[in-house]
Amino acid sequence: MFQTNQAYLGWRYPIKSADGQNTIPGCPYVYPNGQGNMEKFYNDMSKKWRSDYGPIYRIWNGTRPEVIVGCPEDIKGIFRDSGEHLKAPDMNAGWVVGELMGKCLGLANQSDWSRILAAMAGPFHQRAASEYIDLMEKRVKKAMAELESKKDQLGQNGMVINPANEFLYLPLFILGDILYGSLDKEMEEDLRSIALLRDQLWKEGMSGGLARYAIGRFVPGGRRRMLLSFHRRWKSFNDRAYKRAQDSGPANAPVISMYRSVSEGALTETELLHTLDEMIFVNLDVTVGNFSWNPVFLAVHPEFQQKIREEIQQARRGGEGALGSWKAYLSSTSTLLMSSILESSRLKPMASFAVPQSCPSERVVGGFVIPAHTEIVVDTGALNVENPAWGADRHEYNPERFIGKNAVSWRYRFWRFGFGPRQCLGRHVVDIMLKTLLAEIVENYTLTPGWEERNKEHSEWAKDPEVWLNLAIQPTVWKKREMHV
Ligand code: HEM
């Protein structure tokens with residue numbers, strides 16, 4: 001059966017070199033999941049596959065082919081019209097993932113994409129992002145105070161911190177405040193507990209098997225019950241949040257206009273709930289994972305900690321060379337604070353592979369003819385780290401490489417929020433969120449490594465094997481700085 005599948009899939013999805021002589025290299029199909037998503041994300045096979053097959057190759061996500069690419073020239077040819085791309089249905093992960101977010105903005109195509117975007121983008125425009133700084137600072141200070149209150153458990157000589165544990169719900173609450181108008185205690189608790197259920201379902205979905213193939217829908221049992229419970233609770237939470245915002249919340253809470261779009265027929269209820277899921281839950285993991293490496297790199301590099309601290313002190317004083325005000329500092333994209341976030345995301349991209357998407361027309365990529373509608377995936381490490389354009393020190397942590405440079409200069413060689421006309425909707429807001437949190441930490445604490453084997457290169461640092469994204473597990477020691485005691 002395996003041989004037949006392999007031969008059939010090769011015939012069904014031919015990908016040949018431009019001269020027709022060679023077939024694209026890549027992994028053989030393996031029943032039932034191919035190389036997705038456990039191999040691709042959880043086990044992060046990127047280095048091995050790159051070394052086995054070269055810069056462009058094919059894997060199987062279930063029985064769907066995915067072409068992996070990682071050269072800037074290829075990325076440019078593929079993503080210049082990303083607004084016209086087709087996203088893989090349900091991320092090629094199967095029906096459970098589809099039930100959670102299959103109709104969200106990030107997986108919608110072409111005219112559906114523009115329609116959902118028009119209804120959901122309002123709160124995430126660049127000009128809106130800095131308006132959330134007060135709200136973010138309030139949430140960050142609350143999270144830090146909670147951390148301080150655990151000091152006795154965590155140790156007087158410095159707290160051993162795993163940011164993924166301590167700040168897990170911070171982005172959830174910040175996004176909740178933005179979307180629904182300041183969350184109350186009950187809503188916080190509700191969101192926290194729905195997030196736990198959602199996390200269980202997501203893991204099921206990503207593990208494949210019956211959660212991938214449609215037949216699994218008809219298998220009674222725990223998975224179906226969990227899904228039903230999640231759908232019921234998620235809808236009920238949003239309906240209540242909408243009603244609260246309408247009756248007594250801020251009149252401009254975005255949830256109000258989003259619900260209005262549904263009643264006016266511009267958006268279906270499922271599109272609304274799936275996009276809110278994407279914004280709140282999918283991006284909770286993404287944001288925490290992305291943030292988690294920052295304290296780890298800074299702990300190993302006290303010299304950059306100190307430089308960022310000096311920059312912060314100058315901005316606080318509003319002195320010469322500072323950016324006028326604290327909010328202007330947090331909004332700026334040309335500070336060392338921002339550069340350190342960029343450098344950490346460069347060396348530890350949010351995931352080893354991007355979400356699959358296909359071009360509406362044939363493309364010749366790396367000498368191979370990729371037929372229209374073939375799903376393409378970016379190998380983020382090949383692009384962000386291995387590409388020689390980053391220079392001889394490309395494997396080193398050096399935030400200053402971004403200083404004085406314009407984002408256009410790394411447009412197709414740095415994967416973070418996607419490429420071309422279609423990119424992450426939350427990018428402006430999330431950058432300010434990350435800067436607000438990191439500034440608070442660096443200003444108030446000195447960070448040192450808290451893990452064994454400190455002399456290991458960062459390329460050997462393990463990521464959390466239980467999580468599909470790149471999530472740091474190296475604990476750091478945070479010691480309160482004297483001047484603030
Ligand atoms: C550091 C954190 C984050 C990273 C690294 C990140 C990265 C990404 C990436 C790579 C994409 C896919 C772009 C593509 O189509 O190729 C994306 C899409 C998206 N992100 Fe983010 N994201 C982050 C946080 C957030 C947050 C907090 C939100 C909340 C609003 C958000 C909302 C979205 C949405 C709605 C899309 C789909 C956009 C579309 O297809 O038009 N993201 N993000």
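Cys 424 is partly exposed, with a relative accessible area of 26%. Cys 359, by contrast, is buried, and its relative accessible area is 3%. Both values come from a predicted model.

The cysteines lead to the matter of disulfides. A disulfide is a covalent bond between the sulfur atoms of two cysteines. How many disulfides does the structure hold? The count is zero. For Cys 359 the reason is distance: the closest cysteine sulfur, in Cys 71, is 15 Å away, which is too far for a bond. A pair of cysteine sulfur atoms would have to be within 2.5 Å to count as a disulfide.

From single residues we turn to the whole chain. The protein has 20 helices and 10 strands. Its C-alpha trace spans about 70 × 60 × 40 Å along the principal axes. The radius of gyration is 23 Å, and a compact globule of 485 residues would have one near 23 Å, so the two values agree.

The inside of the protein comes next. Of its 485 residues, 54% count as buried, and Cys 359 is one of the buried residues. Contacts can also be sorted by separation along the sequence. Among those between residues at least 6 apart in sequence, 77% join residues at least 24 apart.

Methods: Residues numbered from 1 in each chain as written. Predicted model: local features only at pLDDT ≥ 70, side-chain atom pairs only at ≥ 80, totals over all residues. Heavy atoms only, no water. Buried < 20%, exposed > 50% of the residue type's maximum accessible area, 1.4 Å probe, protein only. Helix = DSSP H or I, 4+ residues; strand = E, 2+ residues; numbered from the N terminus. Rg over C-alpha atoms; globule rule 2.2 N^0.38 Å. Contact = heavy atoms within 4.5 Å.
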